[in-house]
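Colleague: I am new to this structure and would like a close look at a single part of it. Please take me through that part slowly.

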Amino acid sequence: MARKNRIKRNSDLLDKRADIVAGANNDHYHIRKNRVYICGSDYYGKVYTITSNRYNTENVHIIKEFYPYDNKRLRFLIVNFKNAKKFKTREKLPDGTERKINVIENYTDVSEYICSIGDIKKISSDLIPEEANRSFIKEKQLKDKQNIKKLILKLEERKQKNKDNNKRRVG
């Protein structure tokens, strides 16, 4: 519960990368900040890309805008490049250093829509370490175990009272 209060803005959620596990099927989502060049639109810059086992691998999904995080649901505006021909390469800078870049060369269609990831079970990002998720999960499990112990003890107390009442009635 404390973690929910800590994440008030998406800038608190991730900076360069995030791995999210969500849904009943434990779907995996990977958000990465990549340098991208899009041929045709001549776009060049850093954007968030998202991949998932639920998304078509022939498409490139770019997150254009994040919306406020609430109720274990992450919403964002996505640009989908269908049937994109993509490859990774390196670009050489004027000072002689190289850096990675993703190039989207050809695509058949571009569409924009709002997408969301709901029922988030685990978030691991460069700002939220894996240990934070583990401690949160352990804390929740510990509370559940304590509640189960209390229920068992109450049940045992009821059984004992019933036995005592039955003994008194017989004798």
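Colleague: Which residues lie nearest the centre of the largest pocket, and how many residues line the largest pocket?

Modeller: Please keep in mind that this is a predicted model, in which the protein has an average pLDDT of 78, with 68% of the residues scoring at least 70. The lining of the largest pocket is made up of 26 residues, and those nearest its centre are Asn34, Thr49, Thr51, Lys88 and Asn102. The volume of this pocket is about 590 Å³. At least two lining residues come from each of the strands β2, β3 (43–52), β4 (60–66), β6 (85–92) and β7 (98–106), and it is β7 that gives the largest share, namely six residues. Sorted by class, the lining holds 11 polar, eight nonpolar and seven charged residues.

As for confidence, strand β2 (residues 27–38) has the highest mean pLDDT, at 93, whereas helix α1 (residues 2–6) has the lowest, at 40. The pLDDT stays below 50 over residues 1–8, a stretch that has 11 contacts in the model beyond near neighbours in sequence.

Once neighbours within four places in sequence are set aside, the residues in contact with glutamate 91 are Arg35, Tyr44, Thr97, Glu98, Arg99 and Ile101.

Conventions: Residues are numbered from 1 along each chain as its sequence is written. This is a predicted model: local features need pLDDT of at least 70, side-chain atom pairs count only at pLDDT 80 or more; totals for chains, interfaces and linings use all residues. Side-chain values use heavy atoms; hydrogens and water are left out. pLDDT is the predictor's confidence in each residue, from 0 to 100. Helices (H or I, at least four residues) and strands (E, at least two) are DSSP runs, numbered from the N terminus. Contact means heavy atoms within 4.5 Å. On a 1 Å grid over the protein atoms alone, a cavity is a set of points where a 1.4 Å probe fits but cannot get out, and a pocket is an open set with protein on both sides within 12 Å along at least five of seven lines; lining residues have an atom within 4 Å of a point. Grid points are joined across faces, edges and corners, and a volume is the space filled by probe spheres set on the points. Ala, Val, Leu, Ile, Met, Phe, Trp, Tyr, Cys and Pro count as nonpolar, Asp, Glu, Lys and Arg as charged, and the others, Gly among them, as polar.
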